[in-house]
Amino acid sequence: MYGLSDEDLDIQTRARVFADELIPFEVEAELSDGLPDDVTEAHKKRAMELGLHSTNMPKELGGGGRTTLQQVLVQEQMGRVTNALGWVAATPPSWLPPVATPDQVERYLKPTIRGEREECYAITEEGAGSDVDAIEATARRDGDEWVLNGVKWHVTSYNTADYCFFQAKTAGGEHLMFLVDLPTAGVSVLRTPAYSHTISHHHPIVGFADVRVPAASLVGGEGDGMSYAREWFRFERMMVAARCLGAAERLVAEMTEFAKTRVAGGRPIAEHGLVAGMLADSMTELFAARSMLYETARGIDRGADVKIAHGQCSMAKLYCSEMANRVADRAVQVFGGRGYMRENVAERFFRELRVERIWEGTSEIQRMIIAGQMTRRGPAALA
């Protein structure tokens with residue numbers, strides 16, 4: 001891809017080397033519902049040694065201080081690995097440093113950057129997914145404490161986290177964001193559903209029943225919770241798009257190599273027109289998606305208007321996630337019966353990539369955001 005600096009290429013190469021080191025562990029993770037804790041810790045340590053952990057955090061706090069494009073380059077390579085093994089190259093909440101109190105920085109942010117703590121998000125509810133304003137969780141002030149109540153769904157990484165961000169509303173409808181240590185009295189797992197993908201990070205349904213937290217646990221001011229959620233969604237949509245690029249790249253490479261060697265009717269299937277078309281379409285869509293995402297990242301690094309960036313991040317998430325799903329479907333078809341075996345990368349990605357069109361805002365929500373930007377600001381503002 002054009003315009004990558006030496007620094008860009010260096011971090012990209014390190015991320016690619018690390019991804020290649022993780023790939024041999026995929027099948028073991030698939031068949032064993034994850035890897036032993038000591039192996040995962042070794043991978044996390046390796047990610048930190050390579051400068052791939054906390055790339056989105058300011059250098060003054062111990063983070064990588066990387067550009068948006070460089071963060072995309074890292075997560076793109078992590079997306080080449082199934083079973084979420086690349087999640088050890090973690091990106092802590094990039095929206096938190098400007099609004100965290102000194103105590104929150106010392107107790108939560110810096111230890112997370114150092115890899116000593118891990119967060120999760122308790123935002124989604126049974127009746128509130130992409131429409132975060134529909135949440136029913138409540139926060140009530142009681143002296144020097146807040147009392148939190150609610151039931152949160154799909155709390156990704158709850159089983160590996162030691163604190164969470166809990167979003168709630170006051171009686172007046174204002175959104176608030178809290179830091180809640182785990183475990184804390186009143187916080188309990190109500191159910192851990194089984195999901196299509198096989199990764200060691202669970203997504204349980206978590207209950208908060210009269211959970212008392214000190215007033216200092218409030219992040220920012222009263223009424224600011226939604227702005228933090230939007231900033232988190234913007235960032236995560238970029239990272240989802242990046243990982244989808246990596247998955248598509250891996251699938252294109254794997255199915256091309258297979259199609260060159262698998263013989264049917266006396267010749268490699270890559271020479272059969274229908275298979276060749278699937279390969280060509282996949283490569284073309286990957287190139288288009290990568291061009292879109294890299295340019296979106298460059299725009300943010302140039303200081304693009306945050307509202308325009310919001311729409312462009314939605315476009316990138318929408319196109320990259322749907323592109324990767326199409327590529328995965330074609331890959332399964334190219335591999336044939338092999339593509340339906342869990343030991344095959346195409347089968348794993350076929351299951352894992354489906355959620356990318358749902359979490360961090362469904363494809364339908366992304367389309368509504370994009371269309372809203374077009375009607376308010378005009379199509380030329382977005383492209």
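This passage walks through the predicted model of one protein, from its overall shape to a few selected parts.

The model is a prediction, so local features are reported at pLDDT of at least 70 and side-chain atom pairs at pLDDT 80 or more, whereas totals for chains, interfaces and linings use all residues. Residues are numbered from 1 along each chain as its sequence is written, and side-chain values use heavy atoms, with hydrogens and water left out.

**Overall shape**

The protein contains 10 helices and 10 strands; these are DSSP runs numbered from the N terminus, with helices (H or I) of at least four residues and strands (E) of at least two. Its C-alpha trace spans about 80 × 50 × 40 Å along the principal axes. The radius of gyration, taken over C-alpha atoms, can be set against a globule rule of 2.2 Å times the number of residues to the power 0.38. For 383 residues a compact globule would come out near 21 Å, and the protein has 21 Å, so the two agree.

Of the 383 residues, 53% are buried, where buried means under 20% relative accessible area, exposed means over 50%, and partly exposed lies in between (1.4 Å probe, protein chains only). The accessible surface comes to about 16600 Å², and carbon and sulfur atoms hold 54% of that area; areas follow the Shrake-Rupley method with a 1.4 Å probe, and for residues only the protein chains shown count as cover. A contact means heavy atoms within 4.5 Å. Among contacts with a separation of 6 or more, 76% join residues 24 or more positions apart.

**Helix H5 and its cover**

Helix H5 (residues 102-113) has the buried residues Gln104, Val105, Tyr108, Leu109, Pro111, Thr112 and Ile113. Their cover includes helix H3 (37-49) together with strands E1 (119-122), E4 (163-169), E5 (175-181) and E8 (218-219). Just after H5 comes Gly115, with a positive phi of about 85 degrees.

Strands are said to pair if DSSP finds at least two bridges between them. E4 runs parallel to E1, with four bridges joining them, and Phe166 of E4 is the bridge partner of Ala122. With E5 the direction is antiparallel, and seven bridges make the link; here Lys169 has His175 of E5 as its bridge partner.

**A second hairpin**

Strands E2 (residues 138-142) and E3 (residues 145-152) are antiparallel and share five bridges. Asp142 has Glu145 of E3 as its bridge partner. Two residues separate E2 and E3 in this hairpin, and Gly143 in the turn takes a positive phi of about 65 degrees. E3 also pairs with strand E7 (residues 205-214), in the antiparallel sense over seven bridges, and Val147 stands opposite Arg212 in E7.

**A histidine in helix H8**

Finally, His310 lies in helix H8 (residues 306-335). His310 counts as buried because its relative accessibility is 15%. Leaving out residues up to four places away in sequence, His310 touches Arg230, Arg234, Arg237, Ile369 and Gln373.
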